[in-house]
Amino acid sequence: MRSELFAKRNAEIQSTERWTLQSQKMLRTLVTPQTPVVATKGAMVAYQGSVQFKHQGSGSVGNFLKKQMTGEDTPMMRAEGQGEVFFARNAANIFMMQLEGQNDALSVNSQSLLAYDPTLNDDIRRVKGLGALASGAGLFNVVLSGHGMAAIACQGDPLVLDCSQQPTFVDPQAAVCWSANLSPDIHTDVSLGSFVGRGSGESVQMRFHGPGFVVVQPSEL
């Protein structure tokens, strides 16, 4: 049988590395009994070998209580065993973030989180401002810290904005991740026209200001 489908560019990239991008849109992760991986449920598109997928709990009583009180519940799973797991999400681009210590932390929109090393700590953080309720996104986010790798999904090519020089405003659905030392709040621009159907449709934004960055995707989920 012959086909362009079997071209080398479409074949699995064999590697002994823990994380290998097969393309911009698919990630291959090596799983061993000593190195499981945590991922959002539904992110696995294929796997090879003897791999088991289990529900990943809240991790701590504090996180469990936060989820109960806020309603935030990003379903997570843990891949264990021996093999390779392939992750993707709706043909989104994937980029990797290496965290290098307890003072290194990243806040991730739960819709953009794909997978990460279990050596990383995770926490739920609330964005200030009741206006976030109007957008349905960006109100609660997952903060990763410590030492390990995280895989982030981005609809399209990411834009990295420096927030240190001036206030930066981002649609909550377009904010992928940002420096965890930033404490964004919700900025609302509501006028009479917003209520009578003549508003801009951009009445709710996340406001960032301080030393750090925010990653923006060219899409509003």
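**The three-strand sheet**

The order S11-S14-S13 describes an open sheet of three strands, in which the pairing is antiparallel. Strand S11 (168-170) and strand S13 (185-188) stand at the edges; each has a single partner strand, so one side of each is left without a neighbour in the sheet. On average, and with direction ignored, neighbouring strands of this sheet are turned by 40 degrees against each other. The model is a predicted one, and the description that follows should be read accordingly.

The pairing can be followed strand by strand. In general, strands of a sheet pair through backbone hydrogen bonds, either parallel or antiparallel. Here, S11 and strand S14 (residues 204-208) run antiparallel and are joined by three bridges. One of the residues concerned is valine 170, whose bridge partner in S14 is methionine 206. Threonine 168 likewise has a bridge partner in S14, namely phenylalanine 208. On the other flank, S13 and S14 also run antiparallel, with four bridges joining them. Isoleucine 186 stands opposite methionine 206 in S14.

How far is S14 enclosed by the rest of the structure? Four of its five residues are buried, and S14 is therefore largely enclosed. Buried here means a relative accessible area under 20%. In a regular strand, as a general rule, the side chains alternate between the two faces of the sheet.

The sheet belongs to a chain with three helices and 15 strands. Of the 221 residues in the chain, 45% are buried. Among contacts between residues at least 6 apart in sequence, 77% join residues at least 24 apart. The chain exposes about 12000 Å², of which carbon and sulfur atoms supply 52%.

Individual residues elsewhere in the chain illustrate these totals. Serine 112 lies in the loop between S6 and strand S7 (113-116) and counts as buried because its relative accessibility is 3%. Beyond its neighbours within four places in sequence, serine 112 is in contact with Arg89, Ala151, Ile152, Ala153 and Val176.

Aspartate 104, found in strand S6 (residues 93-109), is partly exposed, with a relative accessible area of 30%. With neighbours within four places in sequence left aside, the contacts of aspartate 104 are Gln98, Leu99, Leu144, Ser145 and Gly146. Aspartate 104 and asparagine 181 are 77 residues apart in sequence, while their C-alpha atoms are 9.2 Å apart in space.

Phenylalanine 6 is placed in the segment before strand S1 (19-23). Its relative accessibility is 51%, so phenylalanine 6 counts as exposed. Together with Met1 and Leu5, Phe6 forms a nonpolar patch on the surface, and the three have about 440 Å² of accessible area together.

Methods:
Residues are numbered from 1 along each chain as its sequence is written. This is a predicted model: local features need pLDDT of at least 70, side-chain atom pairs count only at pLDDT 80 or more; totals for chains, interfaces and linings use all residues. Side-chain values use heavy atoms; hydrogens and water are left out. Patches are made of residues with over 30% relative accessible area and no salt bridge: like charges are joined within 9 Å, nonpolar side chains (Val, Leu, Ile, Met, Phe, Trp, Tyr) within 5 Å. Accessible areas come from the Shrake-Rupley method with a 1.4 Å probe; for residues, only the protein chains shown count as cover. A salt bridge is a side-chain nitrogen of Lys or Arg within 4 Å of a carboxyl oxygen of Asp or Glu. Helices (H or I, at least four residues) and strands (E, at least two) are DSSP runs, numbered from the N terminus. Buried means under 20% relative accessible area, exposed over 50%, partly exposed in between (1.4 Å probe, protein chains only). Contact means heavy atoms within 4.5 Å. Two strands pair if DSSP finds at least two bridges between them. Axes are lines fitted to C-alpha atoms, for helices over the stretch in contact, and angles run from 0 to 180 degrees between N-to-C directions.
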